[in-house]
Amino acid sequence: MNKQNINHLNASGNRVLVRVDFNVPLDKASHITDDTRIQAALPTIMHLRAQGAAIILMSHLGRPKGVDPAQSLKPAAARLSELLDAGVAFAPDCVGAEVEALAKALRPSEVLLLENLRFHKEEEKNDPDFAKQLAALGDVYVNDAFGSAHRAHASTEAVAHFLPAYGGFLMEREINFLGRILTNPAHPLVAILGGAKISDKLPVITNLLPLVDKLIIGGGMANTFFKAQGLAMGDSLVEDTALAAARTILENSGDKLVLPIDVVVADKFAADAATQVCGVNEVSAGWRILDIGPKTADAYAAILKNAKMVVWNGPMGVFEFAAFANGTNKVAIAVAAASEAGAITVIGGGDSVAAIEQSGLADKITHISTGGGASLEFLEGKVLPGVAVLPEG
Ligand code: AMP
């Protein structure tokens with residue numbers, strides 16, 4: 001998938017309207033608790049500054065219903081200014097005469113961040129008139145917000161119809177790595193899927209199964225497969241409505257689908273629960289599976305050792321509690337080791353990204369996706385509106 005990207009743009013002297021994903025977590029005092037998303041947009045912003053473009057940045061933050069000062073992007077302007085070591089102006093709104101004047105007054109290499117797009121309901125409605133007002137702020141449009149590309153919103157979709165449109169460096173990187181898994185993977189390709197609910201992951205399982213050599217399953221979603229096989233799951237999380245789908249996948253997956261062989265069970269869903277390791281066919285009434293077991297983690301590490309390409313989305317257990325984080329941590333170590341041995345490794349989804357960061361191994365991974373929902377939809381084979389609207393490069 002070759003999209004027109006920022007390398008095809010000479011932005012010198014232009015006003016460039018850039019959709020970034022500055023949807024950063026804020027604490028109660030409006031301090032940014034994790035600036036990863038701002039950092040991820042720096043290559044595009046720095047490149048445009050170096051070219052002498054005037055840069056107008058726009059983003060959403062949170063899910064405000066109308067104007068909400070607690071969800072202002074102002075803290076992001078301050079943080080970006082620190083990271084760039086340059087002033088970043090902040091506009092009190094994202095459209096209107098005052099904002100247009102601020103955008104017009106920008107000189108080459110100056111940066112203006114607009115207020116939260118979602119203070120206007122038209123943003124999420126993909127409203128063409130609102131998009132036109134956004135487009136009036138720039139000469140060209142660059143979308144670097146892969147994390148929002150699965151939404152057809154005014155700033156990710158409609159605006160691209162009114163200006164010459166390009167993908168930013170982050171957008172390009174995400175499309176390249178995720179696209180390669182679907183279109184040109186190195187083999188053996190191993191996918192690791194975890195997380196709580198199988199229903200959320202059914203589309204991605206279905207799309208990846210024909211492409212992968214192995215599809216490793218962990219987390220609560222394994223339980224529904226076990227129940228479909230007739231195993232007793234005690235008090236484990238099971239989605240009865242997905243049993244039929246799980247059965248179909250089991251019947252059609254040959255030896256590609258790999259399920260846990262042992263598990264860590266707990267007597268309650270709590271950090272201080274009593275725990276035991278048992279076989280997947282030994283889960284007693286009153287107990288629940290909260291992690292993969294040590295034999296499973298070793299087996300998964302052995303599969304990953306031979307991989308040439310790995311994609312991981314979702315934790316192997318309730319990794320928020322230390323007692324049930326071992327499976328996820330061991331998989332994180334095994335993915336990092338595969339990377340060091342030359343595999344291309346891609347991690348997406350907030351929890352798996354958090355796990356690899358906690359393990360201190362993030363720098364070993366080839367590509368850590370910034371788009372949780374967007375990367376999952378991409379791997380499901382869905383068309384992302386914010387990507388589809390960019391012209392072919
Ligand atoms: P998801 O949002 O579907 O990717 O799920 C992530 C969540 O799954 C994390 O908060 C984990 O605590 C949870 N999770 C993982 N394994 C289990 C399990 N065996 N039982 C219940 N929750 C789980």
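**Pockets and ligand: a short chat**

Guide: In this predicted model, 32 residues line the largest pocket, and D34, T36, R37, V353 and T370 are the ones nearest its centre.

Visitor: Which elements give two or more residues to that lining?

Guide: Two or more residues come from each of α1 (36–40), α6 (169–183), α12 (350–358) and β15 (367–368).

Visitor: And how much space lies in the largest pocket?

Guide: About 710 Å³.

Visitor: What does its lining have by class?

Guide: The lining of the largest pocket has 14 nonpolar residues, 13 polar ones and five charged ones.

Visitor: OK, new topic. Which pocket does the ligand take?

Guide: The ligand takes up the space of the second largest pocket.

Visitor: Which residues come nearest to the ligand?

Guide: There are 14 residues around the ligand, and A196, G220, I289, E320 and D351 come nearest.

Visitor: What does E320 do there, atom by atom?

Guide: A polar atom in the side chain of E320 is 2.4 Å from an oxygen atom of the ligand. For G220, a backbone N or O atom lies 3.1 Å from a ligand nitrogen atom. K201 has a side-chain N or O atom 3.3 Å from an oxygen atom of the ligand.

Visitor: How much of the ligand does the protein bury?

Guide: The protein buries 80% of the 510 Å² that the ligand exposes when taken alone.

Visitor: And the shell around the ligand, by class? What is in it?

Guide: That shell has five nonpolar, four polar and five charged residues.

Terms used. Residues numbered from 1 in each chain as written. Predicted model: local features only at pLDDT ≥ 70, side-chain atom pairs only at ≥ 80, totals over all residues. Heavy atoms only, no water. Near = heavy atom within 4 Å. Polar contact = N/O pair within 3.5 Å; in protein donor to acceptor, adjacent residues only side chain to side chain. Areas by Shrake-Rupley, 256 points an atom, 1.4 Å probe, with all protein chains shown as cover. 1 Å grid on protein atoms, 1.4 Å probe; cavity = no way out; pocket = protein on both sides within 12 Å on 5 of 7 lines; lining within 4 Å. Sits in = over half its atoms within 2 Å of the grid points. Nonpolar A, V, L, I, M, F, W, Y, C, P; charged D, E, K, R; others polar. Points joined across faces, edges and corners; volume = space filled by probe spheres on them. Helix = DSSP H or I, 4+ residues; strand = E, 2+ residues; numbered from the N terminus.
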